[in-house]
Amino acid sequence: MNNIPNGIISHTRRVQSLYKRALRNCEAWYDRREIYRYRAVQLRARFEENRNVTDMAKAVKLLASGEQELFNTQHYQPIKLANSPGGCAYEREVEAPDWVLDYWHPLEKAQYPEYFAQREQRKKEFVAWWEQQYGKPDPKDLHH
């Protein structure tokens, strides 16, 4: 799972994350744009009030109370963007492997002559590198 943060997350980063999650929560609750914008401005003002808090103990308490408030006011069906974790299209991008290009029809390959000429050259260079690195395969091993 590559969406799990690893390592230490700074206080500033946690506050930024809380702000973004709170904005997304507002967006889920208020479907009319003008109401959402009004609430977003109010939310920003609340964050700006405590921007210059230098006492770390107070800042940690503010962050904890903010996260608790967000948890208590969380929308019952939060908005999940399609490509975000939990979204309907998360990690759906299928990247075709390189060997698929070998099965293109010659007329399709003719549309990109420079690319396929360079690709064939690189394949030859790779085979030469492989044979130099690992040696040629034994013919007995090629047949099952």
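Setting aside neighbours within four places in sequence, Asn25 touches Leu70, Thr73, Gln74 and His75, where contact means heavy atoms within 4.5 Å. You're looking at a predicted model, where local features need pLDDT of at least 70 and side-chain atom pairs count only at pLDDT 80 or more, while totals for chains, interfaces and linings use all residues. Residues are numbered from 1 along each chain as its sequence is written, and side-chain values use heavy atoms, with hydrogens and water left out.

Asn25 sits in helix H1; helices (H or I, at least four residues) are DSSP runs, numbered from the N terminus. Is Asn25 buried or exposed? Asn25 counts as buried, at 10% relative accessibility. Here buried means under 20% relative accessible area, exposed means over 50%, and partly exposed is in between, using a 1.4 Å probe and protein chains only.

Beyond its neighbours within four places in sequence, Thr73 is in contact with Asn25 and Trp29. Thr73 and Arg37 are 36 residues apart in sequence, and their C-alpha atoms are 18 Å apart in space.

Here are some accessibility values side by side:

| Residue | Relative accessible area | Class |
|---|---|---|
| Asn25 | 10% | buried |
| Cys26 | 14% | buried |
| Thr73 | 38% | partly exposed |
| Cys88 | 61% | exposed |
| Arg119 | 7% | buried |

Now for helix H2, residues 33–49. H2 has 17 residues and reaches 24 Å from its first C-alpha to its last, close to the 24 Å expected at 1.5 Å a residue. That expected span is 1.5 Å times one less than the number of residues. Tyr36, Ala40 and Leu43 are buried in H2. They cover an arc of only 65° around the axis, so they end up on the same side of H2; the arc is that of the directions from the helix axis to the C-beta atoms. The general idea is that an α-helix has 3.6 residues a turn, so residues three or four places apart point the same way. The buried residues of H2 pack against helix H1 (11–29), while the face turned away from the buried side carries the exposed residues Tyr38, Val41 and Glu49.

Which residues make up the largest nonpolar core? The ten are Leu18, Tyr19, Ala22, Leu23, Cys26, Tyr36, Ala40, Leu43, Leu63 and Leu70. A nonpolar core is a set of buried Ala, Val, Leu, Ile, Met, Phe, Trp, Tyr and Cys residues joined through side-chain atoms within 4.5 Å. H1, H2 and helix H3 (56–72) each give two or more residues to this core, and H1 provides the largest share, five residues. Leaving out neighbours within four places in sequence, Leu18 is in contact with Phe47, Leu63, Gly66, Glu67 and Leu70.

Further along is helix H5, residues 113–134. Its 22 residues should span 32 Å at 1.5 Å a residue, and its end C-alpha atoms are 31 Å apart, which agrees. Arg119 is found in H5, and beyond its neighbours within four places in sequence it is in contact with Asp98, Trp99, Leu101 and Asp102. After H5 comes Gly135, with a positive phi near 85°.
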